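Let's explore this structure together, one question at a time.

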Protein chains: 2
Amino acid sequence: MGNSQQAGRVLVVGATHGNERNGAWLVEVWRQRPGSLRQSGLAVELTIGNPEAHAACRRYLDRDLNRSFASGLLEQADSPVREVQQARRLLACHGPDSPQPCLVVLDLHSTTAAMGNCLVLYGRRPADLALAAGLQGLLGLPIYLHEADPAQTGFLAERWPCGLAIEVGPVPQGVVQAAITRQTRLAVEEALAVLAAARAGRLRLPSQLVVHRHRISLDLPRRADGSPAAVIHPLRQHRDWQPIRAGEPLFIDEAGAVIAYDPPAELLAAGEGGLAWPVFINEAAYGEKGIALSLTSRECWPVEAGWGEALAAIAAALEPG
Amino acid sequence: MGNSQQAGRVLVVGATHGNERNGAWLVEVWRQRPGSLRQSGLAVELTIGNPEAHAACRRYLDRDLNRSFASGLLEQADSPVREVQQARRLLACHGPDSPQPCLVVLDLHSTTAAMGNCLVLYGRRPADLALAAGLQGLLGLPIYLHEADPAQTGFLAERWPCGLAIEVGPVPQGVVQAAITRQTRLAVEEALAVLAAARAGRLRLPSQLVVHRHRISLDLPRRADGSPAAVIHPLRQHRDWQPIRAGEPLFIDEAGAVIAYDPPAELLAAGEGGLAWPVFINEAAYGEKGIALSLTSRECWPVEAGWGEALAAIAAALEPG
């Protein structure tokens, strides 16, 4: 981890996934017309996360770049996996210990799921929670806390002292839509505003943070040969963030029969009859991961003073620009 | 071309484009549960158009299969292009001159554009026009007549005595959505009903056919280096089939300036001030073709008696099943 006392910039990454074009479009626009990104007073570094995959308009070439920042992978200096090399390159050029360090990262993503404009947090680092709370206070964005998921690790944002993903949808892969770029831009500009306020010692956070905490992911029902035997029920499609209760329609099988939501043991144990808030419903890229949707618990947390202090300590070292 | 006197089947093709999953899902369901396709009394052959691309969840591997049925390509028996080989294979297995011939093809596609449930015709073959008119009479589907486009040739459906594409959207690439499969299924079942009626000599066609005739495709405005300098204006996104008039917003550039619709000379010459009906607005796969949208003219044609006769001649040779 970088030394937060060393001065550094804010890194904005587009196209960590090469077929998510909206963040890349914004990065390109801001490079061509720096004045078109609302000025926050902070120095911002812009980069394309996976240029080769972006050129090919594919999510990745060899492996998901946003699962390639695990320590065990990053140590492989001679890895033949292109995304491992790209992860190492991003850290070498823009990491907290690089010659031109970045201290905070905003990682721009889009999704085919109807997630709206939202934030993804990877774990509970106090500075991340403060940045998310500040953004939620300004824009009301929902937050997916993607933690404790042993099948999904090695996220980009975890390698910077502070960082999160801005996730906007629904939008198809490979498509730039003005409404999606506008939402993404708004989240980036307000995130920079939160960081600038933290740097100036005038950050005010709301009293509580609403998070949707990851519990478990569900796959589609499958046939013996592994092929899907059902799809998301039409009453559940596009209903990310809306609660689901035991017995409500979740999938519809090939014969047209409804498959109801049968809460997993993990959620039943928590009481509330397995009540959950689904996210990333029918995200195109998650099919190969065996994820039809993820279930979360909606929780309201009091905002702790230590969060803002942690963010202020990092923000104090942000370079003006 | 096949001899329409020889008996043959109706071919239904899913995943001519490997990342258009909804048609492939239906083909898979109908293979597993033949009874779940509403029985038309006609023998139906089901196939995956591009199995390798489907397995990779990519539109194609070497070239667009639905642009690979041009005579000059099909003659290349030793072509290294995988889609040319696949086009040859489809014709060898299911073509009108194959040992188990198919006489009619329904080619199932999906699009990221908000096209709804619609039909794509490639040219003005009387039997195709009759099939489309029958479907339009039953379901009211709009029809895109994709003709006279020198940049886009070699479509699959042209190689069977009768055929068209069923195109449904918006849906992201790589995603199966119940509502999209339902619309696709409906169009397939009603197309089979039209063919069965034609075979039985009881086909009734409406008195007119409404077609949206291809005129010209427009690319995004681009910078000197070829990269896009604008996106579809948010007031035009998702508004396929709705007329556009000179001066109305079409694109929005990187500075947020509106770029109005400036009718091409071809359309101005037709009078009506360049009035056009856009289709395939912001289709993900057309970016690489330099197509941001296509402009059509909406035309009402009287249905000619010869169309139904041409379809009846082919349908008479369809095998019962």
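Q: Is B:Ala255 buried or exposed?
A: A residue is buried if 20 or more other C-beta atoms lie within 10 Å of its own, exposed if 12 or fewer, and partly exposed in between, with C-beta atoms placed from the backbone. B:Ala255 has 12 other C-beta atoms within 10 Å. By that rule, B:Ala255 is exposed.

Q: Before we go on, what kind of model is this, and how are its parts numbered?
A: Residues are numbered from 1 along each chain as its sequence is written, and chains are lettered from A and ligands numbered from 1 in the order in which they are written. Local features need pLDDT of at least 70, side-chain atom pairs count only at pLDDT 80 or more, and totals for chains, interfaces and linings use all residues, since this is a predicted model.

Q: Which residues does B:Ala255 touch, not counting residues up to four places away in sequence?
A: B:Ala255 sits in the loop between strand S9 (249–253) and strand S10 (258–260) of chain B; helices (H or I, at least four residues) and strands (E, at least two) are DSSP runs, numbered from the N terminus. The C-alpha atoms of B:Ala255 and B:Ser36 are separated by 52 Å. Two residues are in contact if their C-beta atoms, placed from the backbone, lie within 7 Å. With that rule, the residues touched by B:Ala255 are A:Arg33 and A:Ser36.

Q: How do the residues of the side of chain A that touches chain B divide?
A: In this interface, 27 residues of chain A are in contact with 27 residues of chain B. Helix H1 (21–32), helix H6 (178–199) and strand S8 (230–232) of chain A each supply at least two residues of that side. Ala, Val, Leu, Ile, Met, Phe, Trp, Tyr, Cys and Pro count as nonpolar, Asp, Glu, Lys and Arg as charged, and the others, Gly among them, as polar. The residues divide into twelve nonpolar, twelve polar and three charged.

Q: Where do the buried residues of H8(B) lie on the helix?
A: In helix H8 (residues 305–315) of chain B, the buried residues include B:Trp307, B:Leu311 and B:Ile314. Seen down the helix axis, the directions from the axis to the C-beta atoms of the buried residues fall within an arc of 160 degrees. On the other side, B:Ala305 and B:Gly306 are exposed.

Q: How far apart do the C-alpha centres of domain 1 and domain 2 of chain A lie?
A: The bounds come from an automatic or database domain assignment, which gives domain 1 (9–207 + 303–315) and domain 2 (211–301) in chain A. Between them, 16 residues of domain 1 are in contact with 15 residues of domain 2. The C-alpha centres lie 26 Å apart.
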